[in-house]
Amino acid sequence: MAMPYVILLGVLFGSNIVVSRFILAQVSSFVYVSLRLAIATLCYVLLFALSRNRRWSHDPSLWLRSSIYGILGSTIPMNAFIISLYYLSSGVVALLITL
């Protein structure tokens, strides 16, 4: 039952590395990662805005912690992953990520 989803996830993950490798020939890694994260943020904000019974938090400490976790947990690892494509092939990077 879940096998089509597993295959789809594998195709998307595998093609992500190859596409990232080709995009780095056109733009810098910072621009690419910024664009990816901006698109993901817009999608999540849109989904959150369209859902019912959801309200934005007004707690500044929550927003500060979320920003720190986002930078440390998403932005830095994604930049490291993309920058590694400058020096390694996409196949080697995929093998190292799965370890």
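1. Helices, as the word is used in this note, are DSSP runs of H or I with at least four residues, numbered from the N terminus, while strands are runs of E with at least two. The model is a predicted one, in which local features need pLDDT of at least 70 and side-chain atom pairs count only at pLDDT 80 or more, whereas totals for chains, interfaces and linings use all residues. Residues are numbered from 1 along each chain as its sequence is written, and side-chain values use heavy atoms, with hydrogens and water left out.

2. Helix 2 covers residues 29-50, and its 22 residues should span 32 Å at 1.5 Å a residue, which agrees with the 32 Å that separates its end C-alpha atoms. The expected span is 1.5 Å times one less than the number of residues in the helix.

3. The buried residues of helix 2 are S29, Y32 and V33, where buried means under 20% relative accessible area, exposed means over 50%, and partly exposed lies in between, with a 1.4 Å probe and protein chains only. Seen down the helix axis, these buried residues fall within an arc of 95°, so they line one face of helix 2; the arc is that of the directions from the helix axis to the C-beta atoms. An α-helix has 3.6 residues a turn, so residues three or four places apart point the same way. The face of helix 2 turned away from its buried side carries the exposed residues F30, L35, L42, L46, A49 and L50.

4. The buried residues of helix 2 pack against helix 1 (3-23) and helix 3 (60-87). S29, with a relative accessible area of 10%, is buried, and, not counting residues up to four places away in sequence, S29 touches L24, N79, I82, I83 and Y86, contact meaning heavy atoms within 4.5 Å.

5. In the loop between helix 1 and helix 2 lies L24, which is buried at a relative accessible area of 9%. Neighbours within four places in sequence aside, L24 is in contact with S29, I82, L85 and Y86; the C-alpha atoms of L24 and Y86 are 7.7 Å apart, although 62 residues separate the two in sequence. A25 is found in the loop between helix 1 and helix 2 as well, but A25 counts as exposed, at 63% relative accessibility.

6. The largest nonpolar core has nine residues, namely I17, L24, Y32, V33, M78, F81, I82, L85 and V93, a nonpolar core being a set of buried Ala, Val, Leu, Ile, Met, Phe, Trp, Tyr and Cys residues joined through side-chain atoms within 4.5 Å. Helix 2 and helix 3 each supply at least two residues of this core, and helix 3 gives the most, with four residues. Leaving aside neighbours within four places in sequence, M78 is in contact with V33, R36 and L37.

7. The largest pocket holds about 610 Å³ of space. A pocket is an open set of points on a 1 Å grid over the protein atoms alone, where a 1.4 Å probe fits and protein lies on both sides within 12 Å along at least five of seven lines, and lining residues have an atom within 4 Å of a point. Of the 15 lining residues, L37, T41, Y44, S66 and G70 are the closest to the centre of the pocket, and helix 3 gives the most to the lining, with eight residues.

8. Y69 is found in helix 3 and is exposed, with a relative accessible area of 57%.

Methods: Points joined across faces, edges and corners; volume = space filled by probe spheres on them.
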